[in-house]
Every structure is written in structure tokens, then in C-alpha cells.
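Colleague: I'm new to this one and would like to learn how to read it. Could you take me through it feature by feature?

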Amino acid sequence: MDVVTSPHHITLGDRPLVVCDIDEVVLEFLSPFTVFLRSHNYDLLPRSFRLHGNIVSLLDGSEMDKEQVYAFEDVFFANQHLWQKPAERAVETLHALSVDADVVFLTAMPPRHHGVRRKLLDQFGLAFDMIASEEPKGPIVAKLHNRRDLPVAFVDDIQRNLLSVADHVPECLLVTMMANTDFKPFAPPPIGAILAATDWDHTGNILRQHFATAKSKDVSPVA
Ligand SMILES: [Mg+2]
């Protein structure tokens, strides 16, 4: 399937929708990025929930400056097929969910690397539609879901994205999860209606239960 930049290009079935972030959710990011940095004599230290200020030289301990962080991230994304792999149980869980729901990826990676990402996801058998955009995620999920009377869920590791979707699609089930365990303790605690999932098995159960509950509400009680 193609990389698309607008939700208008995606056709959904008459069934629940799962919108899913990529980095740290479907694909590992922090762990392979750390290995990549080490191959260049830097390390990423889990000291707080950010990259900037936590990347240090293995040679003299100095912190990498902002411009350099962006430059390294860019090289990493351009070569992501050499480094990134699916988070544990991501592929199996998404395939199982896709039997009863539409799955759409929503990634905010710089647009110039979308082709590489599409190819990599396809290689892992993750041929679901992918929207690639650096715009806030809430309005995109709103356009995609289009106020259908069907369940919708959003999975992401970044609270800002989850809150954006909460603002624009109040009925959306919000799940936060991340593959990397070293940085997880530094993630801001989930607020509002955001549910924290430990891993993909947990996320799968949360989503299935949500879809089943929504379905049972559709069935009129027998008199
Ligand atoms: Mg992410």
C-alpha cells in the first residue's frame, strides 16, 4: 500500500478502527537508536524522557548538541531498515486485530524517509495503510474516523499526541505503550482517560474488550 499524507485517501470498512503510532509502538526506536549511537561512539542514557541532553560522547562524556542530535536522527531514519525491528508481539497482535478492525498507521517521522519506512513495514508483513504527517495527530484521527458510529482507538507513546486525539475525538479509546523499558519509568504518568498498557498483548486485550463492549451496546435487549 502507498504512503499517504491525508486521511481522505484511506477507505475504511464498516468496522472498528485502530490508529497506531510507529516509533516505540510498532517498531522499536530507542533501543536500536542507542545501538546506532554506540556505533558512532555516543550513548543514550535513560536519565529523563527526552533525547536532547541524554546523548553523550563515549570518548569524553560531553553532551551532543541539538543540531547534532537532529543530524544523527536523520541518518538513523534514512537507514532505519538496518536498525529498526518490530516491537515484541506487535506483528502478531496487529494481524489478529485486523481480522475484525481496520488498522491505520500514523507516523510523524520526517517526510523524506517515508518510502524507506513503507518498505520496511511491508517486509515485516505490516502492509496496513500509513499516514505520514508532522501535523498534530488529533485532527488527522478526527478526519479519518469522521464521527462514524463505530469504535475507534489510538495507540501512541507520546502524551502530547494522545491528548491531541482526546481533544478532537472524545469518544476515542486512548492507549499509551512503549517498547523500550529503560525510558518507560521517565514517561509522564497517563492523565485523563488514557490507559497504560504494559505491552502488545495487553494492548490487544484492551482493544478487543473495548470493541466487544461497543458491539454489545448495539444489540437491542430482547423483551
Ligand atoms: Mg512514537
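Colleague: Let's start with the largest pocket. Which helices each supply at least two residues of its lining?

Modeller: Keep in mind that this is a predicted model. Rolling a probe the size of a water molecule over the atoms shows where empty space is left. Here, helix H2 (66-78) and helix H7 (159-168) each supply at least two residues of the lining of the largest pocket. H2 gives the most, with four residues.

Colleague: What volume does the largest pocket have, and which residues are closest to its centre?

Modeller: The volume of the largest pocket is about 950 Å³. Its lining has 29 residues, and the closest to the centre are Phe29, Leu51, Glu73, Ile158 and Arg160. Sorted by class, the lining has 13 nonpolar, three polar and 13 charged residues.

Colleague: And where does the largest pocket lie relative to the domains?

Modeller: Look at who contributes to the lining. Domain 1 (3-28 + 86-218) and domain 2 (30-83) both give residues to it, so the largest pocket lies between them.

Colleague: Now the second largest pocket. Which elements give two or more residues to its lining?

Modeller: Those are helix H4 (90-97) and helix H8 (200-218). H8 gives the most, with nine residues. The second largest pocket has a volume of about 470 Å³, and 22 residues line it. Nearest its centre lie Pro16, Pro151, Phe211, Ala214 and Lys215. By class, its lining divides into 10 nonpolar, three polar and nine charged residues.

Colleague: Let's move to the metal. Which residues are the protein donors of the magnesium ion?

Modeller: The protein donors of the magnesium ion are Asp21 (OD), Asp23 (O) and Asp157 (OD), at 2.1 to 2.3 Å from it. For Asp23 the donor is O, while for Asp21 and Asp157 it is OD. Along the chain, the donors follow the spacing D-x1-D-x133-D.

Colleague: Are Asp21 and Asp23 buried or exposed?

Modeller: Take the relative accessible area and compare it with the cut-off: under 20% is buried, over 50% is exposed. Asp21 has 6% relative accessibility, so it counts as buried. Asp23 is buried too, with a relative accessible area of 14%.

Colleague: What about phi? Which value does Glu24 have?

Modeller: Most residues other than glycine have a negative phi. Glu24 has a positive value, near 75°. You'll find Glu24 in the loop between strand S2 (17-20) and helix H1 (30-38), where it is buried with a relative accessible area of 2%.

Colleague: What is phi for Arg147, and is Arg147 buried or exposed?

Modeller: Arg147 has a positive phi of about 55°, although it is not a glycine. Its place is in the loop between helix H6 (137-145) and strand S7 (152-156). With 78% relative accessibility, Arg147 counts as exposed. Asn146 lies in the loop between H6 and S7 as well, and it is exposed with a relative accessible area of 57%.

Colleague: How far apart are Asn146 and Pro7, in sequence and in space?

Modeller: Asn146 and Pro7 are 139 residues apart in sequence and 9.8 Å apart in space, C-alpha to C-alpha. Another pair is Met177 and Val26, 151 residues apart along the chain, with their C-alpha atoms separated by 9.9 Å. Met177 is found in the loop between strand S8 (173-176) and strand S9 (195-196), and it is buried at 4% relative accessible area.

Colleague: Where does Gly138 lie, and how far is it from Arg160?

Modeller: Gly138 lies in helix H6 and is buried, with a relative accessible area of 0%. The C-alpha atoms of Gly138 and Arg160 are separated by 9.7 Å, and the two residues are 22 apart along the chain.

Colleague: Last, the whole chain. How many helices and strands are there, and what is the radius of gyration?

Modeller: The chain has eight helices and nine strands. For 223 residues, a compact globule would have a radius of gyration near 17 Å, and the chain's 18 Å agrees with that. Along the principal axes, the C-alpha atoms fill a box of roughly 75 × 35 × 30 Å. Buried residues make up 48% of the 223.

Key:
Residues are numbered from 1 along each chain as its sequence is written. This is a predicted model: local features need pLDDT of at least 70, side-chain atom pairs count only at pLDDT 80 or more; totals for chains, interfaces and linings use all residues. Side-chain values use heavy atoms; hydrogens and water are left out. On a 1 Å grid over the protein atoms alone, a cavity is a set of points where a 1.4 Å probe fits but cannot get out, and a pocket is an open set with protein on both sides within 12 Å along at least five of seven lines; lining residues have an atom within 4 Å of a point. Grid points are joined across faces, edges and corners, and a volume is the space filled by probe spheres set on the points. Ala, Val, Leu, Ile, Met, Phe, Trp, Tyr, Cys and Pro count as nonpolar, Asp, Glu, Lys and Arg as charged, and the others, Gly among them, as polar. Domain bounds come from an automatic or database domain assignment. Donors are N, O and S atoms within 2.8 Å of the metal (3.2 Å for Na, K and Ca); water is not among the atoms, so sites may look incomplete. Buried means under 20% relative accessible area, exposed over 50%, partly exposed in between (1.4 Å probe, protein chains only). The radius of gyration is taken over C-alpha atoms; the globule rule is 2.2 Å times the number of residues to the power 0.38.
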